[in-house]
Amino acid sequence: MTWSDANEACATLHLAGFNDWRLPSREELESLMVKDQAGYNAPDEMLYPPDLSWPNNFGWYWSSSFYTDGGAWLVLFNYGYSDRNSEDYQNQVRAVRTAQ
């Protein structure tokens, strides 16, 4: 979904009895990656991995972080790096909650 749709989806998500979900920052998303591992770099217990039916589609995930010259930061769970993209592009979403 687009960046705007991703923010809206997280803000209105009601899951597991909670309604305080949000789009994570770039730093939060990067902390979920398993570093120095080939393929989809997320711990096995992570829910909802990306659709891997397309070759090399390991999931670009939107973050809530803006890029200084426009667009928003994305985190690619394959190869473990981040980049920016136009807010109108379609990317994947992972909602998070703030630890209580």
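Start by selecting Glu28, which is partly exposed at 29% relative accessible area (buried is under 20%, exposed over 50%, partly exposed in between, with a 1.4 Å probe and protein chains only). This is a predicted model, where local features need pLDDT of at least 70 and side-chain atom pairs count only at pLDDT 80 or more, while totals for chains, interfaces and linings use all residues. Residues are numbered from 1 along each chain as its sequence is written, and side-chain values use heavy atoms, leaving out hydrogens and water.

The whole structure holds 3 salt bridges, so let's visit the others. Next, pick Glu30 and Arg26. Their salt bridge has its closest N and O atoms 3.4 Å apart, and the two sit 4 residues apart in helix H2, about one helical turn. Helices here are DSSP runs of H or I with at least four residues, strands are E runs of at least two, and both are numbered from the N terminus. Glu30 is partly exposed, at 23%.

The Ser82 side chain makes a polar contact with the side chain of Glu30 at 2.4 Å. That term covers N or O pairs within 3.5 Å; within protein, one atom must be able to donate a hydrogen and the other to accept it, and residues adjacent in sequence count only if both atoms are side-chain atoms. Is Ser82 buried or exposed? Buried, with a relative accessible area of 18%. Beyond its neighbours within four places in sequence, Ser82 is in contact (heavy atoms within 4.5 Å) with Arg26, Glu30, Trp73, Leu74 and Val75.

Then jump to Asp20 and Arg97, whose side chains form a salt bridge at 2.6 Å, N to O. Asp20 is in the loop between H1 and H2 and Arg97 in the segment after E3, so this pair ties together parts 77 residues apart in sequence. Asp20 is partly exposed at 31%, and Arg97 likewise counts as partly exposed, at 27%.

Stay in the loop between helix H1 (3-11) and helix H2 (26-31) and select Ala16. Check its backbone: phi is positive, about 55 degrees, although Ala16 is not a glycine. Most residues other than glycine have a negative phi. Ala16 is exposed, at 65% relative accessible area.

Last stop: Gly59, in the loop between H2 and strand E1 (60-66). Gly59 is buried, at 0% relative accessibility.

Definitions and conventions:
Salt bridge = Lys/Arg side-chain N within 4 Å of Asp/Glu carboxyl O.
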